[in-house]
Each structure stands twice: as C-alpha cells, then as structure tokens.
Amino acid sequence: MVVRPFKALRPTTEMVSKIAAKPYDVVTEEQAREVAKNNPYTFYKVSRPEINFEYPVDTHDTKVLETGRKHLEWLIENGYMFVEDKPCVYIYQQHWKDHVQTGFFATFSVDEYIENKIKKHELTRKDKEDERALHVKVVKAHTGPVFLMYKSKPEIDNLIFKHATGTPEYDFTDETGVRHIVWVLRDEEEIKKIVDAFKDVEAFYIADGHHRAAAAVRAAIDFRSENPNYTGEEEFNFFLAALFPHNQLKILDYNRVVKDLNGMSEDEFLRKVSEKFEVTPVEGVYKPERKHTIGMYLSGKWYRLEPKSGTYDENDVIASLDVSILQNNLLAPILGIENPRTDKRIDFVGGILGIEELIRLVDSGAFKVAFAMYPTSIDDLLRVSDEGKIMPPKSTWFEPKLKSGIVVHLI
C-alpha cells in the first residue's frame, strides 16, 4: 500500500487551537456559525463556507465555495498558516478520557481506492459526493482527513509509536475535552522506513469519512480528464488521511429512538417483541454489556432484549450484527420501519451523548421507545469490509473524531 509524505499547509503553533475544527459533517450550520461568531479564524469558514454569508445559500454554488478558498488564503497571507518546506509525515495522537490512539497524517492513493485496496463498509450518497468533490476542486485542497486504519502489526506500529515522544509541534485540548498532539517527522530515513513498511500491507480500511474519500476520488478523476497528460505524481492523485492501527480505535454504541409504537398498546408491543426476544425487566438503567444484548427503554422502565435462537444467521457477518438483529426482528416487522435511512419515525443517537440522552428523549415525549446498542466491534467491521459487504446504516460511531485544519493537503 502507498503511504506518501506531503508538504502540509498547517497552522502556527499559537493558532492551531483556534483554527482546528470538527469534521464538517458532525456539526450543523447553526453550530458552525456560533463558533465563527467568536472565532474569526475557525476552519469552519473553509469547510462550511455557507457560514460566510448572513443569508441561506446553495452549498453547491461555486461563489459560496470560493469564499472558503479566500478564507484559506487569508489565513496564509496573515501568517496564521504556512506550507511545510519539505514533505513530512505527521504523527498524530489523541487522548480522550482513558483512551489513547496514535497514528499519522499522510496522503494516500486515489488508484488504490478505485482498485478497492482501500476498503469501504458504507454506501455514499451522490448528492453529498457532488458537494464535497466540488469543494475539493474550488478550494483546491483536501481540507478534512479521511479516517483510515490498517490491521495492526507490532513491527509497523512501533515505527510510528517511537516518534510520539519529545516536544510536540502541537499539543492542545479541544472544546470536547479531546487532547490532540502532533509531532512533525522530517527525517527522510525514518519516513522511508514507514513508507517501505506499508508496501507489503494488503489493504487499508475506511473507519470514518467515506464521503470525504469518495469526493477526493471524484475530484481526482475530473482533474485527470482536464489534464490528459497527467503523470500520476500530481497532488490530486493522492488524498489526505490519518492512518491508525485497528486495535487503537474505539467504536461507541449507535443507538435508536422511535416516535411511536406503530398503533399498538404497550402490552401488545411487548408481547410481539417477546416472540423474537427474551425480554427481561431490569432495575435501574441498563447499558448492554456484551454482543447480542440490547437495552430497551419504554415508559420509564428498562428491559434487556436477547434474540432467541433461530432469529438470525450466526454465520452471516451482516445478519449477526446487533443493529441487523434489531432491524430485522423488531424495527421492520413490529414497528414498520422498513428503511431506517429514510423513515422519519426513527432517529439515531451517538454513544458520545450517553444513555442519559435516550432517557431524556423518551421522557420528554418526543419519542416513545429507545434502544441501547452494544458497540459494533472493529473485528466485525474488518470482516464486513473484507467480504466486500456494506454495514447497515448507523452501525458505527468512532470517537474521538479527527480534527480538520491541523494539516491541509493542497492540490
């Protein structure tokens, strides 16, 4: 697999905490605007350029996207960001609560994505791809890193980890309590050791950022058609990502809340659920403690659901996921939610918000029932990707998220 060092556009040490921002797709326009009110340097003005206008605008409009490019230029012209003088690799460590993960920023091959050596587990939406590919082309940069992983090998891991020592270039804690530390690896021999070590690796896997990856590839294909004599070495042939060993990453639960019981009384609903699940009332709050246990919160009470034998195919990696078991045995047949992607009666709550959010949503009356899931395992995700299959919607919530604006890849 190809790992390519690059000359990052990046903030000065003093400015990194002001510029760095969450990924564009985990904040609303309103949230980004609120940040920008008090922070004119925020990277949201690049990644969410619609906030540069005081009125609603079309995010597919080139004029809107050009304001993102102009903000990037403003950051450079005023000395808040600068371009590295030589290609480097950027060791990236995140601390969140008691969890630490260490990887690195580099650029990765568009062709290996096309050849499916960079493996996916999610479907992407064309309208989202269109929007972000246009963003790449107009801003002339990959502004948000894709979140990649590889199957951990100690001999490779240690080539990365040994550089996560000494005085870092950046060390700051963001508004969510995640600490971000970056060391700039400039030594060409040490970079070559990392690059060479990955040549024998068979695949990378997208953990998060499927739309960012797809958009970078779409933009590259357009750039290639506009430059028929391209050599393959141009920057547009590579996209920005952070790569981590798989065993460093943390998947949180991705929970479900539903607005009604599909016309049933609570007794009738519980009776139907008990046909497919062992339903056990639980004292206090219930958070699933292992795979194939699901928490259900209904009318102020918690229940543990365990699927009965024969309700799913244990040998099928997709069918045996808890999110599939819930969908196929309860959400679709009992609550009538056939397509969770589009049905307005269901919503999804990332585990970062905690079980308390499920209780709050049901107790408020906005939702009737909540389902607390056990997190999908990294091993299941790798197996799905290796088998060329697609995860059900909202199966994984990776935390901590990668920051945008720490390093930018200019094209």
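## A strand covered on both sides

Both faces of strand E11 are covered: Phe 238, Leu 240, Ala 242 and Phe 244 on one side, and Phe 239, Ala 241, Leu 243 and Pro 245 on the other, are all buried. (Buried means under 20% relative accessible area, exposed over 50%, and partly exposed in between, using a 1.4 Å probe and protein chains only.) In a regular strand, the side chains alternate between the two faces of the sheet. With eight of its eight residues buried, E11 is largely enclosed by the rest of the structure. Strands (E, at least two residues) and helices (H or I, at least four) are DSSP runs numbered from the N terminus.

A quick word on the source: this is a predicted model, where local features need pLDDT of at least 70 and side-chain atom pairs count only at pLDDT 80 or more, while totals for chains, interfaces and linings use all residues. Residues are numbered from 1 along each chain as its sequence is written, and side-chain values use heavy atoms, with hydrogens and water left out.

## Who pairs with E11?

E11 pairs with strand E4 (residues 99-109) in the antiparallel sense, over six bridges; strands pair if DSSP finds at least two bridges between them. Here Ala 106 stands opposite Ala 241. E11 also pairs with strand E7 (residues 146-150), this time in the parallel sense over five bridges, and Leu 148 stands opposite Leu 243.

## Rings and a charge

The structure holds 19 aromatic pairs. Rings of Phe, Tyr and Trp (its six-membered ring) pair if their centres lie within 6.5 Å; planes under 30 degrees apart count as stacked, over 60 as edge-to-face and the rest as tilted. Phe 108 and Phe 239 make a tilted pair, 6.4 Å centre to centre with 45 degrees between the planes. Phe 108 lies in E4 and Phe 239 in E11, so the pair ties together parts that are 131 residues apart in sequence. These two rings also belong to one aromatic cluster with Phe 104, Tyr 150, Phe 198 and Phe 204.

Over at Phe 238, the charged end of Arg 4 sits over the ring, 4.1 Å from its centre. (That takes NZ of Lys or CZ of Arg within 6 Å of the ring centre and within 35 degrees of the ring normal.)
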